[in-house]
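Hi everyone, thanks for coming. Please have a look at the structure on the screen, and I'll walk you through a few parts of it.

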Amino acid sequence: MTDDDADTVLIAGTASHAGKSTLAAGLCRLLARRGVSVAPFKAQNMSNNARVALAPDGEWGEIGVSQHVQARAAEIPATTDMNPVLLKPRGDGESQLVIDGEAVGHVAAGEYYESHWERARDAAVAAHRRLAADHDVIVAEGAGSIAEINLHDRDLANVECARFADAAILIAVDIERGGAFASLYGTLELLPDDVRERVAGAVITKFRGDRSLLEPGIAEIEERTGVPIVGVVPHDDPGLPAEDSLSLPDARDADGGTGGTDALGADDGVPDASAVRIAVPRLPRISNFTDLEPLAREPGVRVAYVPLDAASDDPLADADAVVIPGSKNTVDDLLALRDAGFDDAIREFDGPIVGLCGGYQILGERITGADVEGTGSRSTVEGVGVLPVETRFSPEKRVERVTRTIDGAGPLTGASGTATGYEIHMGRSSPTEETDRPLGPESAATDRALGTYLHGLFENEGVRETFVVTVFEAAGESRSAVDESNSARSNDGSPYDRAADLVAEHVDLAAAGLDDVR
């Protein structure tokens with residue numbers, strides 16, 4: 001690390017979902033608690049879970065959810081410099097390319113590397129430079145595996161970032177999947193020599209059991225590679241929002257229903273008989289599913305992602321409410337719902353229904369100006385028809401943080417005050433008849449259904465509490481009984497502090513030679 005610029009620590013991994021985001025967020029909060037000016041960074045992210053942040057030009061832009069979370073951990077406002085390049089997959093090998101927060105087009109993988117990668121790299125270098133000018137430490141997060149040898153000449157999030165940021169590297173190794181030592185050894189062997197020299201240590205993540213059983217393996221891998229194992233982090237989810245769909249549960253029990261133990265929130269200690277179940281159709285192009293995580297943290301609430309091929313004539317039979325999440329390609333997810341017969345199940349469902357962003361569009365009567373995947377044509381597609389709205393698509397994309405006044409109606413009857421969140425969508429939805437608009441002009445509600453473009457809706461306590469009470473009442477269950485009996489939910493601090501505690505207790509930064517960021 002240099003003395004005349006911000007120090008950068010790159011949290012890389014042997015694979016996807018190895019715990020990089022948690023380590024990065026924990027390190028950000030740990031340093032912030034110690035009075036260090038720290039900022040997160042991910043040169044290139046691929047995720048449909050996006051949040052809104054300020055861009056260098058002062059406008060609103062998009063970044064991946066993990067950097068938004070890490071900014072909160074660092075106790076600073078999120079900016080697009082923290083994730084200057086974002087790829088949002090939309091199917092068939094094509095992604096929407098977002099640079100410095102602004103969508104610049106849809107590109108296939110080959111086209112991106114041939115025609116856009118140099119621009120993306122320049123944006124990443126400039127963004128890192130701006131962050132380094134304002135902070136003492138940059139905690140960078142890699143993507144996937146740092147040892148993808150087919151991409152080493154264009155691996156912006158890992159190899160290139162390590163080079164242009166002059167970064168020290170910590171490698172996260174997921175032991176839960178097995179083969180941790182082999183994965184680490186192979187990763188180190190496949191790194192370019194100059195990048196291999198930057199590796200300061202490795203951290204084994206998601207460990208369960210007796211650490212002493214690891215000691216022989218740790219001793220041998222250190223002897224073989226010369227890289228110290230500087231931490232063994234136990235399997236402990238601090239509750240940070242997930243970055244990608246790898247973290248979603250299968251949500252299908254033996255009967256194909258929505259009530260299996262894989263549902264989010266099933267570990268809260270509340271008996272299933274006293275809990276309510278919110279079914280979420282697992283759209284093929286699902287995005288911003290982190291909108292549902294605040295609900296899953298409520299005692300007695302299960303959030304079950306239901307496969308569209310659920311082995312049941314009525315996939316919503318054991319659901320007490322339905323939430324349709326966002327989609328990277330609304331029309332094709334709507335058609336997938338229809339092909340699976342899910343649209344009929346939603347229309348016949350008599351409990352509370354909420355559609356968020358793309359889900360709102362799906363619940364409407366029709367979508368016009370739709371780009372039907374694989375046809376190149378624009379046409380009108382009939383919606384599920386639960387809400388009296390029509391959505392018209394256009395090339396214009398709305399990206400903005402917003403605050404809406406709540407005028408409680410439908411599933412939010414009784415709610416009041418304001419709700420803060422963000423909008424990221426193409427298309428505008430207009431009512432086809434007189435209807436309640438509980439969250440501003442681009443929302444709609446009937447007595448049982450609500451649609452809104454407001455991402456982060458359930459992060460607002462008043463909204464969340466009202467909706468959860470509505471679901472319990474619709475299910476004929478007692479929310480107060482759950483609150484009185486529930487003692488399993490921990491109140492041991494924020495997820496950011498819990499992530500910081502994991503790093504502080506189980507990662508030896510000094511052993512990695514990172515004394516100047518302690």
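Let's begin with a pair of helices. Helix 5 (residues 180-190) and helix 7 (residues 215-225) have axes that come within 11 Å and cross at roughly 10°. Angles under 35 degrees count as roughly parallel, over 145 as roughly antiparallel, 65 to 115 as roughly perpendicular and the rest as oblique, so helix 5 is roughly parallel to helix 7.

Before going on, some housekeeping. This is a predicted model, in which local features need pLDDT of at least 70 and side-chain atom pairs count only at pLDDT 80 or more, while totals for chains, interfaces and linings use all residues. Residues are numbered from 1 along each chain as its sequence is written, and side-chain values use heavy atoms, with hydrogens and water left out. Helices (H or I, at least four residues) and strands (E, at least two) are DSSP runs, numbered from the N terminus. Axes are lines fitted to C-alpha atoms, for helices over the stretch in contact, and angles run from 0 to 180 degrees between N-to-C directions.

Back to our pair: which residues of helix 5 and helix 7 meet? From helix 5 they are Phe181, Leu184, Tyr185 and Leu188, and from helix 7 Gly217, Ile218, Ile221, Arg224 and Thr225; contact means heavy atoms within 4.5 Å. This contact divides into six nonpolar, two polar and one charged residue. Here Ala, Val, Leu, Ile, Met, Phe, Trp, Tyr, Cys and Pro count as nonpolar, Asp, Glu, Lys and Arg as charged, and the others, Gly among them, as polar.

Now compare helix 1 (residues 20-33) with helix 14 (residues 495-506): they pack at about 90°, with axes 7 Å apart. That angle makes helix 1 roughly perpendicular to helix 14. Among the residues making the contact are Leu23, Leu27 and Leu30 of helix 1 and Ala500 and Val503 of helix 14. By class, there are eight nonpolar, two polar and four charged residues in it.

Helix 1 also takes us to a sheet. It lies across strand 1, strand 2, strand 9, strand 10 (168-174), strand 11 (199-207) and strand 12, at about 170° to strand 9. Those six strands form an open, parallel sheet in the order 2-9-1-10-11-12; two strands pair if DSSP finds at least two bridges between them. Strand 1 (residues 7-13) and strand 9 (residues 137-141) share five bridges, and Leu10 has Ala140 as its bridge partner in strand 9. Helix 4 (residues 156-164) lies across strand 1, strand 2, strand 9 and strand 10, running at about 160° to strand 1.

There is another open sheet of six strands, ordered 15-13-16-18-24-23, and its pairing is mixed. Strand 15 (301-306) and strand 23 (443-445) are at the edges, each with a single partner strand, so one side of each has no neighbour in the sheet. On average, neighbouring strands here are turned by 15° against each other, direction ignored. Strand 13 (residues 276-281) pairs with strand 15 in the parallel sense over six bridges, with Ala279 opposite Ala304 in strand 15. Helix 12 (residues 461-475) lies across strand 13, strand 15, strand 16 (321-324) and strand 18 (353-356), at about 110° to strand 13.

That's my tour; happy to take questions.
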